Amino acid sequence: MIPDQKQHWNEIYSRNAEFFGEEPSDFAKHALAQFRENGVSELLELGPGQGRDTIYFAENGLVIEGLDYSSQSISELNAKLEGRSIASRIKLQMHDIREPIPFPDSTFDACYAHMLLCMHFKENDIQTALAEIHRVIRPGGLVVYSVRSTFDPHYKHPEATYLGEKLYEIGGFVVHFFSEAMIRKFARGFKIVNIGRLKEGSLPRDLFVVVLKKTGPIEGAAVEGNMSDAFGLYQDFFDAAYGPGVLDKKTKFLIAVGASLAAGCET
Ligand SMILES: C[S@@+](CC[C@H](N)C(=O)[O-])C[C@H]1O[C@@H](n2cnc3c(N)ncnc32)[C@H](O)[C@@H]1O
């Protein structure tokens with residue numbers, strides 16, 4: 001049975017005071033450089049967890065509002081901040097990112113989310129969350145996020161349970177693995193400044209690291225597209241359709257014959 005994810009994070013954090021380590025992540029250092037270049041001072045952080053990056057940003061002068069649905073993460077981070085001067089620069093709220101973000105339009109200079117959007121979210125939830133992020137950051141504002149990629153060793157791992165789309169449960173954690181085509185598809189209303197790759201932890205996790213800039217309204221905004229995106233989306237379709245238990249053998253065979261005919265092959 002798949003554990004309830006909010007409960008799972010609460011238990012993980014209560015068992016290990018520094019689950020991701022005490023030091024700020026390499027990704028946070030990369031993000032801070034972007035924030036400095038773009039004059040960011042007010043930051044929205046989604047899924048701060050135990051706050052390794054939140055504390056680092058505050059120590060470097062940023063003012064942060066953090067949203068996480070784990071009550072354990074919020075209470076642990078608040079306890080760490082007690083008596084510290086940076087406490088006045090960090091405010092935390094328990095909040096589920098599948099719900100509307102509780103701030104007015106154009107509140108923040110930037111949004112940071114390290115391994116949050118690849119949690120237990122369906123594609124629709126991710127699209128809605130990014131639309132909400134778009135709403136609460138200022139025009140020209142940055143979104144700097146990381147997600148587990150389809151190059152990650154846990155993607156399609158034999159011990160993982162397939163949950164549809166690119167969602168898998170492994171070791172109690174539900175992860176939505178991202179392809180580059182998904183990142184491009186979700187970037188409506190943003191200019192893609194950069195899509196890179198980073199490894200983190202002992203596995204190591206393989207991450208896409210993404211920098212977006214808010215350009216205009218989402219409505220009518222063109223999705224950045226080219227032929228390689230089309231191939232990526234085509235591949236995503238096949239990955240999903242050929243996932244364990246999705247299609248029977250005969251249907252897979254008919255799709256393969258149809259694709260061969262469409263490509264002009266003789267059967
Ligand atoms: C992989 S951890 C990353 C924590 C932190 N960003 C770090 O790198 O140290 C993901 C975090 O997102 C939070 N989270 C997962 N799903 C969420 C949701 N639907 N709404 C709010 N927070 C969520 C979890 O509680 C957890 O703290």
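Trainee: Is Val 40 buried or exposed?

Mentor: This is a predicted model, in which local features need pLDDT of at least 70, side-chain atom pairs count only at pLDDT 80 or more, and totals for chains, interfaces and linings use all residues. Residues are numbered from 1 along each chain as its sequence is written. A residue is buried if 20 or more other C-beta atoms, placed from the backbone, lie within 10 Å of its own, exposed if 12 or fewer, and partly exposed in between. Because Val 40 has 25 C-beta neighbours inside 10 Å, Val 40 counts as buried.

Trainee: In which loop is Val 40 found, and which residues is Val 40 in contact with beyond its neighbours within four places in sequence?

Mentor: Helices (H or I, at least four residues) and strands (E, at least two) are DSSP runs, numbered from the N terminus. On that basis Val 40 is in the loop between α2 (26-37) and β1 (42-46). Contact requires that the C-beta atoms of two residues, placed from the backbone, lie within 7 Å. With neighbours within four places in sequence set aside, the contacts of Val 40 are Phe 35, Leu 62, Asp 109, Ala 110 and Leu 142.

Trainee: Which residues touch the most other members of the largest nonpolar core?

Mentor: A nonpolar core is a set of buried Ala, Val, Leu, Ile, Met, Phe, Trp, Tyr and Cys residues joined through C-beta atoms within 7 Å. Val 143, for example, touches Ala 110, Cys 111, Ile 133, Ile 137, Phe 190 and Leu 212, not counting residues up to four places away in sequence. The largest core has 56 residues, and those touching the most other members are Leu 43, Ala 110, Cys 111, Leu 117, Val 143 and Val 144.

Trainee: What is the order of the strands in the open sheet of seven strands?

Mentor: Two strands pair if DSSP finds at least two bridges between them. Strand β4 (residues 108-114) runs parallel to β5, with six bridges joining them, whereas β5 (residues 137-148) pairs with β10 in the antiparallel sense over seven bridges. The pairing of the sheet is mixed, and its order is β3-β2-β1-β4-β5-β10-β9.

Trainee: Which are the edge strands of that sheet?

Mentor: Strand β9 (residues 190-200) is joined to β10 by 10 antiparallel bridges, and Ile 195 stands opposite Val 210 in β10. An edge strand pairs on one side only, as is the case for β3 (90-94) and β9.

Trainee: How many residues of β10 are buried?

Mentor: Strand β10 spans residues 205-214 and is mostly covered. One of its residues, Val 209, is the bridge partner of Ser 146. Of the 10 residues in β10, the number buried is eight.

Trainee: What angle does helix α5 make with β5?

Mentor: Axes are lines fitted to C-alpha atoms, for helices over the stretch in contact, and angles run from 0 to 180 degrees between N-to-C directions. Helix α5 (residues 123-136) lies across β1, β4, β5, β9 and β10. Its angle to β5 is about 145 degrees.
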